Amino acid sequence: MGLKRASRTTLVEQVVAQMELLIETGKWLVGLRIPAEPDLVQQLGVSRNTVREAVKALVHTGLLIVRPGDGTYVSSSSGLGAVLLRRLRRSNIVETLEVRYALEQEAARLAALRRTDEDIEVLSRCLNEYDAAAAMKDTDAYLKADLDLHKIIIGAAHNSVLKELYEHITEGVRETIGSVLDHSVLLEHHTRIHRELIQAIIDGNPDGAAQAVRDYIEASRHMLQSDNREE
């Protein structure tokens with residue numbers, strides 16, 4: 001799907017709507033640099049001013065970000081995501097952990113009840129990658145594997161709203177995971193709990209899965225609060 005020429009009425013709104021659709025349907029992915037202004041003008045058949053106003057509106061909502069001297073990039077996949085990201089940036093890590101506590105606990109419970117054979121296969125493969133990264137103490141690989149594992153668990157819950165909400169707090173999740181990577185004892189503890197979590201989901205044990213989430217969130221929160229007291 002490409003851009004179409006806009007009609008003469010409410011041109012800015014029409015351009016905004018088209019750009020939003022490209023972003024929300026994944027045609028313009030997060031991190032993509034959108035076409036330059038002259039290209040947009042030509043594709044849309046509108047004035048430079050109209051394009052600038054549309055881009056300005058999308059920057060205001062948080063869907064686009066302008067990098068001076070570089071270009072304009074997609075910064076969020078939806079208006080909801082942009083709002084949540086702005087809010088998370090004003091929160092502290094402990095608050096983000098509490099949000100994860102609520103979302104991931106229910107997701108794990110639902111995943112244990114709803115996981116399919118395909119989910120089990122993907123979870124097992126991702127857990128092996130997670131274990132390998134942890135054993136090598138490869139920080140970047142561990143962070144990626146940990147995020148992937150949590151996203152797969154959320155997906156195995158088969159709740160589209162829950163999945164979308166979690167996608168939008170990924171940056172906050174990445175920050176909380178990264179904040180505990182320097183604690184080798186906690187890292188080892190987390191690795192063990194994650195194995196228990198995946199096994200509980202595979203076994204169809206919702207209570208065990210939810211308890212595993214509570215365990216690793218509480219361990220992270222305790223470590224972060226201890227660090228804050230020492231400062």
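Reader: Which residues is glutamine 105 in contact with, leaving aside its neighbours within four places in sequence?

Author: Contact means heavy atoms within 4.5 Å. In this predicted model, and with neighbours within four places in sequence left aside, glutamine 105 is in contact with Arg100, Ala210, Val213 and Arg214. Residues are numbered from 1 along each chain as its sequence is written, side-chain values use heavy atoms, with hydrogens and water left out. Because the model is predicted, local features need pLDDT of at least 70 and side-chain atom pairs count only at pLDDT 80 or more, whereas totals for chains, interfaces and linings use all residues.

Reader: Does glutamine 105 count as buried or exposed, and where does it lie?

Author: Buried means under 20% relative accessible area, exposed over 50%, and partly exposed in between, computed with a 1.4 Å probe on protein chains only. Glutamine 105 has 19% relative accessibility and therefore counts as buried. Its place is in helix H5 (residues 93-114), where a helix is a DSSP run of H or I with at least four residues, a strand is a run of E with at least two, and both are numbered from the N terminus.

Reader: Which residues of helix H2 are buried, and how are they arranged around the axis?

Author: An α-helix has 3.6 residues a turn, so residues three or four places apart point the same way. In helix H2 (residues 37-44) the buried residues are Leu40, Val41 and Leu44. Seen down the axis of H2, these residues fall within an arc of 100°, so they line one face of the helix; the arc is that of the directions from the helix axis to the C-beta atoms. Their cover includes helix H1 (11-24) and helix H3 (48-61), and just after H2 glycine 45 takes a positive phi of about 70°.

Reader: How many aromatic pairs are there?

Author: Rings of Phe, Tyr and Trp (its six-membered ring) pair if their centres lie within 6.5 Å, and planes under 30 degrees apart count as stacked, over 60 as edge-to-face and the rest as tilted. By this rule there is one aromatic pair, formed by tyrosine 130 and tyrosine 142, which is tilted, with 5.1 Å centre to centre and 40° between the planes. Tyrosine 130 lies in helix H6 (residues 117-136) and tyrosine 142 in helix H7 (residues 139-156), so the pair ties together parts that are twelve residues apart in sequence. Both tyrosine 130 and tyrosine 142 are buried.
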